[in-house]
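Open your viewer and get the side chains ready to display. We will take a short walk from the surface to some aromatic rings.

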Amino acid sequence: MINSRGQQQPYGPPPSSPYGPPSSPYTLPHTPPGPRVPEPAGDERRMLAATVDFLLAAGIGSALALRVLPQLKVEANALVLWLACVFGLSFVNQVLGAWIFRASLGKWLLRMRVVREQDAGRPGFWRLVHRWLLGMTWLPMQPVRSLIWADGDPYEDHCKLVYVRLKDLRRLGHHR
């Protein structure tokens, strides 16, 4: 720094602001924190939503298999026809419903949404298919799991999706 006599001072206060004030456009922009994800919905709410979804698939699937399809002259084994209707309705509700509306019917009724774990964004189609297929094996495997290996979280989601309450999602600014 050069003083008023033209001599350079070895040490001293830095220039007042040679590059502008700290809030000038020449400073580095502040990086906002990552997106906040709401807390997962409670176990009771999740179980009730799963029960509603199961009853929907089993009830409407059974009615479809037993009443509607025989009138259409569909030739098939009754058990195969029933399974196809129940699993088909489950797929439509769990995968297509969550892909389009971010919720199956049970989750929609209980004001929950399915979101990605890392950023609370809309889940992708193939991730939902993967989760649905894992869900079809999760429930039948619970008795085996409890007998053989019981450590770990039984609700661990390998697809990185989480169910959250709609009001928590809106409170954090995730509107759609």
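A patch here is made of residues with over 30% relative accessible area and no salt bridge, and nonpolar side chains are joined within 5 Å. Keep in mind as you go that this is a predicted model.

**Stop 1: the surface.** Select Leu79, Trp82, Leu83, Phe87 and Met136, which form a nonpolar patch with about 420 Å² of accessible area together. Now colour helix H2, residues 78-101: this helix gives the most to the patch, with four residues. Click on leucine 83, which lies in helix H2. Its relative accessible area is 33%, so leucine 83 is partly exposed.

Stop 2: Next, turn to the aromatic rings, where the count comes to three pairs. Show phenylalanine 91 and tryptophan 132: their ring centres are 5.2 Å apart and their planes sit at 80 degrees, so this pair is edge-to-face. The two residues are 41 apart and link distant parts of the chain, with phenylalanine 91 in helix H2 and tryptophan 132 in helix H4 (residues 125-148). Are these two buried or exposed? Phenylalanine 91 is partly exposed at 23% relative accessible area, while tryptophan 132, at 14%, counts as buried.

Stop 3: Phenylalanine 125 is partly exposed, with a relative accessible area of 21%, whereas tryptophan 126 is exposed at 67%.

Definitions and conventions:
Residues are numbered from 1 along each chain as its sequence is written. This is a predicted model: local features need pLDDT of at least 70, side-chain atom pairs count only at pLDDT 80 or more; totals for chains, interfaces and linings use all residues. Side-chain values use heavy atoms; hydrogens and water are left out. Patches are made of residues with over 30% relative accessible area and no salt bridge: like charges are joined within 9 Å, nonpolar side chains (Val, Leu, Ile, Met, Phe, Trp, Tyr) within 5 Å. Accessible areas come from the Shrake-Rupley method with a 1.4 Å probe; for residues, only the protein chains shown count as cover. A salt bridge is a side-chain nitrogen of Lys or Arg within 4 Å of a carboxyl oxygen of Asp or Glu. Buried means under 20% relative accessible area, exposed over 50%, partly exposed in between (1.4 Å probe, protein chains only). Rings of Phe, Tyr and Trp (its six-membered ring) pair if their centres lie within 6.5 Å; planes under 30 degrees apart count as stacked, over 60 as edge-to-face and the rest as tilted.
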